[in-house]
Amino acid sequence: MITLKSQREIEGMAKSGAILAGMHHAVAEIIKPGVSSWEIEKVGREYIESHGAIPAELGFEGYKYATCVAINDEVAHSVPRKGLDLKDGDIVTVDTVVNWQGYMSDSAWTYAVGTISPERQKLMDVTKKALYLGIDQAVVGNRLGDIGYAIQHYTEDEMGYGDVRELIGHGIQPTMHEAPNVPHYGEPGHGLRLKAGMTITIEPMITTGTWKIKAKQVPNDDWEYYVTADGSDCAQYEHTLVITNDGPKILTSQDAVADAKYLL
């Protein structure tokens, strides 16, 4: 069932989203060559909890951590690991969900580690632009296919990248994953019609190679995560947003200036 959120719920989700955005700023400050992915987990969790919120991924479906930390060809659900140090030239995606007094927010961001290649910088730029192209389609009266088509057409048809199919965006609130599913591919004019009050995530995962992914298992653990099927790089950017009669409003914004037209 899809629920249309009240003003009170939207304001609560925005407060949750502000904590999540602050966490991203905190981890961005420490991401550099030689830092372990476990240190990202520690800083992220401490930030969330010190701001009176709960890292909602912790314990979700057996997950043991507050963040997912994906490096280079890793796509999603990657665990932070002690002793796995970032190297100059890597790209790393940090994804987490915040629960503040019952209000949920979800956001992922890809970061450059030290000096990265032009190819990796381009991947990051294209993926971030794809996110915002999708957000621009999240308006009252449009359909889910309009969001997916905008992302897929740009990333695959125009840029020649891979647009991951198996992992998609979703509704959010009151739980982490709610209806509807929000694919990052599709046909314009198809799918569920968007209404004011819907809260969703848009979170394209874009690769420099195939859109196909495969599962890997964490050593000495039964947890599976995903990597690109061909070893190519992957970047991801994700925001939680609410659809309003005044356009899409981002609830996890990290930049009030750049996102000015998308703020409540």
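Predicted model: local features only at pLDDT ≥ 70, side-chain atom pairs only at ≥ 80, totals over all residues.

Me: What makes β10 and β13 a pair, then?

Reply: Three bridges join β10 (residues 205-207) to β13, and the two run antiparallel. The rule asks for at least two, so the pairing holds. Within it, Thr207 stands opposite Cys234 in β13. Helix α3 (residues 118-136) packs on the sheet as well, touching β10 and β13.

Me: Why are β6 and β13 said to stand at the edges?

Reply: The open sheet has the order β6-β10-β13. β6 (162-163) and β13 (234-236) each have a single partner strand, so one side of each lacks a neighbour in the sheet.

Me: How do you know that Asp90 and Lys87 form a salt bridge?

Reply: Their closest N and O atoms are 3.9 Å apart, and the cut-off is within 4 Å, so the pair qualifies.

Me: Why is Asp90 called buried, and what about Lys87?

Reply: Asp90 has 4% relative accessibility. Lys87 is exposed, with a relative accessible area of 52%, as exposed means over 50%.

Me: What makes Lys64 and Asp221 a link between separate parts of the chain?

Reply: They form a salt bridge, with the closest N and O atoms 3.3 Å apart. Lys64 lies in the loop between β1 and β2 and Asp221 in the loop between β11 and β12, so the pair ties together parts 157 residues apart in sequence. Asp221 is buried, at 16%.

Terms used: Residues numbered from 1 in each chain as written. Heavy atoms only, no water. Helix = DSSP H or I, 4+ residues; strand = E, 2+ residues; numbered from the N terminus. Contact = heavy atoms within 4.5 Å. Axes fitted to C-alpha atoms, helices over the stretch in contact; angles between N-to-C directions. Salt bridge = Lys/Arg side-chain N within 4 Å of Asp/Glu carboxyl O. Buried < 20%, exposed > 50% of the residue type's maximum accessible area, 1.4 Å probe, protein only.
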